[in-house]
Amino acid sequence: MARPHIEPYVELDTPYKKLDLNGFKGSEYKALSLDIDTGACTLKVQFNNGFKRKPGLSYSDMEIFVLEGRIKVGKEVWGRGHHAFVPAGMALGAMQSEPGAEVLLMFNDSEPSFYESDKNHQLALTAAFTSLNSYQDAPWAPATLANPSVASGCMLKVLRYDPITEACSFLYCMSPEYAQDNISYHDCAEESYHIWGTSWMMQFGDLPTGGYFWRPPWINHGAFRCERGTIAFGRTDSKLHNYFHFNPWSNPDENLHRAAAHLYRQRPTLFQWVATDGHNHPHGPDDFEYPHYHDDAQVRHLHGHTPNEIK
Amino acid sequence: MAKRVQDKKPKRSKSAMAWLEENIAEQKLRYKAIVKEMDELAPTRARWYKEFLEICQTRGTNVTGDMRRKIAKHEVPKKPKRKDRVVY
Amino acid sequence: MARPHIEPYVELNQPFKKLDLNGFKGSEYKVLSLDVDTGACTLKVQFKNGFKRNPGLSYSDMELFVLEGRVKVGKETWGRGHYAFIPAGMAIGAMSSAQGAEVLLMFNDSEPSFYESDKNHQLALTQAHVSMNSYLDAPWTSGAIVQPAASNGCMIKLLHYDPLSEAITFLYTLTPEFMQDNISYHDCCEESYHIWGTSWMMQFGDLPTGGYFWRPPYINHGSFRSKRGCIAFGRTDSKIHNYFHFNPWSSQAENMARSAAHLYRQRPMMYDWVASDGHNHPHGPEDFEHAHYHDDAQIRHLHGHPPSPIKSK
């Protein structure tokens with residue numbers, strides 16, 4: 001069942017625990033969500049004053065977002081608002097944090113792992129590496145990259161985009177007095193952590209600073225309000241399409257049927273092809289543009305053929 | 001199938017397995033607490049649904065962006081008999 | 001096989017023929033495309049000087065776009081740029097054209113039909129009726145209504161949008177020196193008639209004034225150029241999504257497999273659901289919002305169950 005529906009969860013009053021795993025000693029954590037099949041997780045991590053570790057790599061894609069403080073990573077200094085995507089097998093420089101730091105730390109393929117190394121693994125897909133300060137170096141853009149789109153007043157900074165799955169990591173903000181009077185659901189899982197501010201959804205009530213959710217596909221959320229503005233870090237695990245409606249009582253199964261009905265009548269030939277016997281290939285249809293996309297760890301994960309299952 | 005770094009991951013250590021078991025158990029408790037909290041919100045939520053459907057019929061529901069559409073009375077959905085659920 | 005791939009077809013030098021069907025006497029036509037299963041068609045029609053007919057209805061959804069001249073329809077006068085969508089069964093007023101007119105005339109469900117009546121059929125979905133002058137009364141907007149989008153310089157005027165299939169009818173324009181350096185294909189059929197101007201596509205060359213295409217799904221088109229700009233009337237039969245790429249040799253089957261691969265990895269749970277045994281329902285999945293969408297003529301047409309198949313075929 002991958003990660004359960006965790007929404008809403010406000011972590012601020014939960015105590016930190018020691019993170020006693022190789023490569024993380026000297027840090028503490030709170031689990032925000034955890035995939036029970038693979039160990040993939042989103043953690044809030046506090047690197048304590050004086051935290052140090054040698055150069056090394058993980059066997060999972062890793063993402064990090066710095067909430068507070070500073071970390072030295074190789075020759076870079078990652079401060080408030082820094083986001084990095086570190087592909088599995090890519091060696092990062094030595095890490096140390098003098099004043100300490102609070103970060104969101106995400107492992108997409110398996111539990112947190114660290115192996116000392118100053119070289120990349122030979123299979124590491126290092127071209128996917130990104131590292132930038134999202135507060136300083138990424139522009140706000142209207143959130144109309146999905147259509148139908150959210151109401152204006154919701155803006156995005158895209159931090160990472162996976163061309164294979166269209167999974168996206170982003171900052172988003174809502175203006176004060178933001179309002180959107182519809183109910184939404186998606187084909188993808190959606191995740192969010194409120195860096196600052198409170199927003200409201202009709203199902204879950206207020207989500208304040210420190211509020212978090214991991215929401216599986218097809219689950220109703222909205223209408224939406226934000227009285228004084230919000231800034232948050234968000235992610236999806238595949239393409240985000242806004243299915244809007246106004247039925248507060250529909251359940252995920254009915255929402256899925258409705259989405260499939262959209263496909264049936266808006267992309268009829270595609271629906272029929274997929275629904276035809278024999279097209280439920282375990283590894284997906286051919287793609288002349290990305291002939292080897294079937295090997296991608298995230299794609300396998302999305303279809304329940306994960307490389308690092310918890311046996 | 002071509003191998004990826006993830007396919008070369010060394011076997012999970014005992015401490016990693018213990019960490020997983022501990023956190024999976026804690027997550028179960030967290031999930032239960034969330035479900036309870038959301039069940040307690042049900043009466044308030046019922047009022048929110050009512051207000052929402054009123055807005056959809058007066059100011060309109062957002063179709064895309066800021067474009068709104070007033071829904072007609074016959075379009076207003078009816079509450080089904082089953083228990084309303086928001087956490088799945 | 002529905003309508004064949006007609007692209008490019010320049011009709012200007014083709015002669016008009018008499019349209020000797022009930023309700024169309026006194027007009028001439030050229031066929032631009034014709035559905036061999038249902039008779040649905042797009043015609044260029046010339047209403048001759050003095051053309052007249054009584055009020056009446058068709059058993060097919062009908063669209064009309066006025067290229068030149070004027071037609072009186074009931075109390076309205078439809079001139080250059082007028083667009084109308086007439087749902088099946090909706091009666092329109094008496095038609096006459098004193099000076100004549102040239103129009104694009106489209107029947108979406110079956111061949112041209114006309115039955116005298118001054119009342120709507122009891123099943124007519126008259127809410128879908130649209131009638132406006134697209135040149136005067138519709139704004140140009142960015143062509144970026146779909147994502148990924150066409151380059152800036154492609155603008156559209158949306159004339160008709162079907163909420164069920166997301167089929168659209170629109171005017172579009174390309175600016176002078178328009179260029180877009182990719183190859184596109186769609187899940188939907190696409191149709192276009194060049195009202196004025198020339199555009200170029202890498203596969204088909206120049207499409208000049210009077211140029212037409214009906215292009216079935218998953219067929220490569222582009223890259224794109226227009227040296228002096230153009231204005232055209234366009235339609236799709238369902239949702240348009242731009243699948244861009246740069247492989248000039250990919251086939252229709254390869255393009256469709258690639259689209260399915262997108263679905264597989266970008267909407268994984270949806271793909272798995274649809275591909276599961278037993279989900280190839282003849283009438284499609286349930287939709288709590290549009291509980292009766294299965295009855296829609298266009299939806300049935302898209303899935304090969306049209307209401308008026310040509311039996312004698």
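This briefing walks through the chains, their contacts, and the helices and sheets of the structure above. Please keep in mind that this is a predicted model. Chain A meets both of its partners: 44 residues of chain B are in contact with 51 residues of chain A, and 46 residues of chain C are in contact with 45 residues of chain A.

**Chain B on its own**

- Chain B contains two helices and two strands, and along the sequence they come in the pattern α-α-β-β.
- The radius of gyration of chain B is 23 Å, whereas a compact globule of 88 residues would have one near 12 Å.
- The C-alpha trace of chain B spans about 60 × 40 × 25 Å along its principal axes.

**Where chain B touches chain A**

- In this contact, 44 residues of chain B face 51 residues of chain A.
- On the chain B side, helix 1 (14-40), helix 2 (42-58) and strand 1 (61-64) each supply at least two residues.
- Helix 1 of chain B gives the largest share of that side, with 12 residues.
- By class, the side of chain B that touches chain A has 23 nonpolar, eight polar and 13 charged residues.

**Where chain C touches chain A**

- Here 46 residues of chain C are in contact with 45 residues of chain A.
- Helix 2, helix 3 and helix 4 (297-302) of chain C are the elements that give two or more residues to the side touching chain A.
- The largest share of this side comes from helix 2 of chain C, which provides 11 residues.
- Sorted by class, the side of chain C that touches chain A has 22 nonpolar, 13 polar and 11 charged residues.

**A helix pair across the A and C chains**

- Helix 2 (residues 252-266) of chain A and helix 3 of chain C have axes that come within 10 Å and cross at roughly 80 degrees.
- From helix 2 of chain A, Leu256(A), Ala259(A), Ala260(A) and Leu263(A) meet Met270(C), Trp273(C) and Val274(C) of helix 3 of chain C.
- The contact of helix 2 of chain A with helix 3 of chain C has seven nonpolar, no polar and no charged residues.

**A helix pair within chain C**

- Helix 3 of chain C (residues 268-275) also meets helix 2 (residues 252-266) of chain C: their axes come within 5 Å and cross at roughly 115 degrees.
- Leu263(C), Tyr264(C) and Arg265(C) of helix 2 of chain C make this contact with Pro268(C), Met270(C) and Tyr271(C) of helix 3 of chain C.
- Five nonpolar residues, no polar residues and one charged residue make up the contact of helix 2 of chain C with helix 3 of chain C.

**The seven-stranded sheet of chain C**

- Seven strands of chain C form an open sheet with antiparallel pairing, in the order 1-23-20-25-17-16-15.
- Strand 1 (6-10) and strand 15 (141-142) of chain C are the edge strands, each pairing on one side only.
- Strand 17 (residues 168-174) and strand 25 (residues 230-236) of chain C run antiparallel and are joined by six bridges.
- Tyr172(C) stands opposite Ala232(C), which belongs to strand 25 of chain C.

**The four-stranded sheet of chain C**

- Another open sheet of chain C has four strands in the order 18-24-21-22, again with antiparallel pairing.
- Strand 18 (178-180) and strand 22 (205-207) of chain C stand at the edges with a single partner strand each, so one side of each has no neighbour in the sheet.
- On average, neighbouring strands of this sheet are turned by 20 degrees against each other, direction ignored.
- Three bridges link strand 21 (residues 199-201) of chain C to strand 22 of chain C, and the two run antiparallel.
- Met201(C) stands opposite Gly205(C) in strand 22 of chain C.

**Domains of chain A**

- Chain A is divided into domain 1 (6-136), domain 2 (141-259) and domain 3 (270-311).
- The C-alpha centres of domain 1 and domain 3 of chain A are 29 Å apart.
- Seven residues of domain 1 of chain A and eight residues of domain 3 of chain A take part in their contact.
- On the domain 1 side, the residues touching domain 3 of chain A divide into one nonpolar, four polar and two charged.

Key:
Residues numbered from 1 in each chain as written. Chains lettered and ligands numbered in written order. Predicted model: local features only at pLDDT ≥ 70, side-chain atom pairs only at ≥ 80, totals over all residues. Axes fitted to C-alpha atoms, helices over the stretch in contact; angles between N-to-C directions. Contact = placed C-beta atoms within 7 Å. Nonpolar A, V, L, I, M, F, W, Y, C, P; charged D, E, K, R; others polar. Domains from an automatic or database assignment. Pairing = 2+ DSSP bridges. Rg over C-alpha atoms; globule rule 2.2 N^0.38 Å.
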